[in-house]
Amino acid sequence: MTFTTLISTIPLLFLGIYSFFQSTSTVQTKVNEANVFILQQSQSRVEQILKVIEQVSGRFAETPLVVNSVSRRMEIEDFQDVDLLVKGLLSVQTYELGVKDIELHSLQNGWYIKDSGFYFGTDTAKIPVSLNAANNSRWMPEQSPTFAGLKLVKAIPATAAEPKGYLSVRVSNTELAKLLTQGFSTRETMILDDKMNIIIHSNVQRIGQSVASEPWLQELKNTDQTQGYINSTSQGVSYSVIYNQSRYNNWTYVSIIPLEEAKKESASIGWATLTACVLLLLFTGLLSYWGSRRMYFPVRSLMEFTMRHSKPTSGGAAVKDELQWIGTQFASLHQSNEQLEGQMKIQSAQLVDYFMLKMFQGELYRSELEDKAAKFQFPVWRRYAVLVLQIDTLAQTRYNANEQDLLLFAINNMASELIPPPQRIHAMPIGNYQVTLVGSDAENQSELLSELGSLAESVQRAAAEYLELKVSIGISRPYELLYTTSQAFLEAKEALQYRIRLGEKAILYLDDLKPQQESRHYYPHHLVSELTQAISFLDKDKAGELLQQFIQDVLRVETDPHLYRMSFAMLLTDLARMLYDMGDTGELFSQDHRNEYEQLFSLRTPQEIEDWFKTQIIHPMMELTRKRHESSGKSISRSVMDLVQEHYDSDLTLEQCALRLNYSTHYIRRMFRKETGMNYSDYLAGYRHDMAKSWLSGTDMKITEVAERLQYTNAQNFIRQFRKLEGMTPGQYREQKMSEL
């Protein structure tokens, strides 16, 4: 039992001890590397703020207004110049950057501006110190009962041997400490000057103190590396010193972290290893005890036992799983590192997206655009062009309006794959568009347009194949300077507006679409008149045909897309006026028509416009007209019956009834059959037959007179029809009725 226990436990014990110390060292190294990176981020934030303040204040100090003002004596009459100086100082004093206050002093003429106030005289006690700091032109610590932070002094003029004045900027230590400690948990963070004095500290009380007594300082001075970490011990407490020496003002950034933070991760590994060893010791002890007892049984019993139990390897599998668990922890740490690097890459990509968005919107100065393009290493081409893609419609697709952003993102990925770099400079969604900036070295215009058209067709086919979407793409005019990208973006969007004439799945190049002659407006008034009449007659088919013809006639004229929309807006206005004439009280249109016009102007294709007019305007108008007729107290069939009873002895057709009642013939026929269950002709013939029986039984009218009055062409037709309905001739019917009397 002892031998079996030792050979199974001692190797694992040594392996556990080795893995514990090795993992502890590795975890400590990883934690220190991560802390070095975090300290670098804090340094970048602090120095970026200080550099921005230094640049802004330097530019202000070099302006002609400031240089000329400090060279002359300011009087009360110069209040306008003083006001300009105060406004300039306020623009430099950006509270978002942490600027506490800013002062402008004229040494030559004895005045200064402070806290938005103008004062005569000079602070003689501060002049030598201020001039010395101005000549150094660097950030210096300042400590007083009312202020703790950094101070920057700029001589005016900057190149003069004897400055005539100076500009001082002070930044609060509290604001810089926030930037310095952002992202840290439990640690002490500070900034040391070249004399190893604390100028910024997360604890304000430590500012101005020296770190000469710290045990890690000598090792920090002896190192030849500008950044890294040092393990040290003070008063029995172990900690790690993270340092980063900056060339900016020769400062040293230091973060002191207790090693207890890293040991927390190692402790869990140690406990897991100890637990595994104890469990294996117990398991092997029981196994060896049970096996030694079985050794005294016959070989057959031992074989049967091993055949029945196949679990001796389960102990090894458990240990392996435990080691795999430790490996999982390393994999998790490595994954966290990769996620951190991925986030940095994402942030870099977001900067490019932000720059491109400002370039497309024309919010960059030319010099700034050129500097950023060089910084992001944009490829240089002979000519550039902008492709703007927009989804034609989501109607009759499996998508809804809330998914439009996701669809644009998917299409943007397709465009990025189909147009590879460096020809694709950048692709991104902007609003309801997907925008791609491409470059080309094509020799002539036709070759370039063919190339751009091929790229647009490939993206359009991919959207149709993989997403089952209809998209249109507008192409700008080619241009040579990136500075004109914003104008090209507007041209590509303008080209997309011509879908209102060309329809869906279009590839639109502005120069091919824009009319060569002056734009003219066309509005077919006669079709509008016929359309309103068809609506009044409730003739849905005729109204649909007239609407389609109206849209075709308007779009047949080559003109500006805005004039097309003007024609459709005029049609909407005429239909609204028709409702007003009918006595509409706002059941269909809002009072200012704002919603209807906004919907109309958002439509992109002729089919969308036609469907919208039918479903949103024309059909509801017909339904409203029908309801008002029905609510007038008399149904359609009753009105037709009244006409038949009044004009049965005339040539009254269904078309004449429809004309008198202001309905379409098709609508009258359908509603009469729906309400009475019979055709109009059957009802008219039946009513005339009833009148014939009444005349035959109650008057002395001749049969020929009855036939003529009931609009029969001759008496024989009347007699034949009467016999068909009554089973006897009119004469026999009269005799029968006379005999009954």
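Helices and strands are DSSP runs numbered from the N terminus, where a helix is H or I over at least four residues and a strand is E over at least two. What you're looking at is a predicted model, so local features need pLDDT of at least 70 and side-chain atom pairs count only at pLDDT 80 or more, while totals for chains, interfaces and linings use all residues. Residues are numbered from 1 along each chain as its sequence is written, and side-chain values use heavy atoms, with hydrogens and water left out.

**View A. An open sheet of 6 strands.**
Reading across, the strands go β3-β2-β1-β6-β5-β4, and the pairing is antiparallel; two strands pair if DSSP finds at least two bridges between them. β3 (117-120) and β4 (140-143) are the edge strands, each pairing on one side only. From one strand to the next, the twist averages 25°. Zoom in on β2 (residues 111-114) and you'll find 4 bridges joining this strand to β3, with Lys114 standing opposite Gly117 in β3.

**View B. Helices α3 and α5 lie across strands of the sheet.**
Helix α3 (residues 79-92) lies across β1 (99-106), β2, β3 and β6 (165-172), and runs at about 145° to β1. Axes here are lines fitted to C-alpha atoms (for helices, over the stretch in contact), and angles run from 0 to 180 degrees between N-to-C directions. Helix α5 (residues 173-181) lies across β5 (148-156) and β6, at about 55° to β6.

**View C. Helix α23 meets α22 and also α21.**
Two packed helices are described by the angle between their axes and the distance between the axes. For α22 (residues 654-661) and α23 (residues 665-676), the axes come within 9 Å and cross at roughly 100°. That makes this pair roughly perpendicular (65 to 115 degrees; under 35 is roughly parallel, over 145 roughly antiparallel, and the rest oblique). On the α22 side, Leu654, Glu655, Ala658 and Leu661 meet Thr665, Ile668 and Arg669 of α23, contact being heavy atoms within 4.5 Å. By type, the contact of α22 with α23 has 4 nonpolar, 1 polar and 2 charged residues. (Ala, Val, Leu, Ile, Met, Phe, Trp, Tyr, Cys and Pro count as nonpolar, Asp, Glu, Lys and Arg as charged, and the others, Gly among them, as polar.)

The axes of α21 and α23 come within 8 Å and cross at roughly 100°, so α21 and α23 are roughly perpendicular to each other. Ile636, Ser637, Val640 and Met641 in α21 meet a set of α23 residues including Tyr667, Met671 and Phe672. The contact of α21 with α23 splits into 7 nonpolar, 2 polar and 1 charged.

**View D. Aromatic pairs and a cluster.**
A pair of aromatic rings is described by the distance of the centres and the angle of the planes. Rings of Phe, Tyr and Trp (its six-membered ring) pair if their centres lie within 6.5 Å; planes under 30 degrees apart are stacked, over 60 edge-to-face, and the rest tilted. The count by this rule is 18 aromatic pairs. One of them is the tilted pair of Phe355 and Phe378, at 5.7 Å centre to centre with 45° between the planes. Phe355 sits in helix α9 (residues 314-360) and Phe378 in the loop between α10 (366-375) and β12 (383-391), so this pair ties together parts that are 23 residues apart in sequence. Phe355 is buried at 3% relative accessibility, and Phe378 is buried at 12%. (Buried means under 20% relative accessible area, exposed over 50%, partly exposed in between, with a 1.4 Å probe and protein chains only.)

Tyr648 and Trp695 have ring centres 6.0 Å apart and planes at 45°, so this pair is tilted. Tyr648 is in the loop between α21 (636-647) and α22, and Trp695 is in helix α24 (residues 680-698), 47 residues apart.

Most residues other than glycine have a negative phi, and most peptide bonds are trans.
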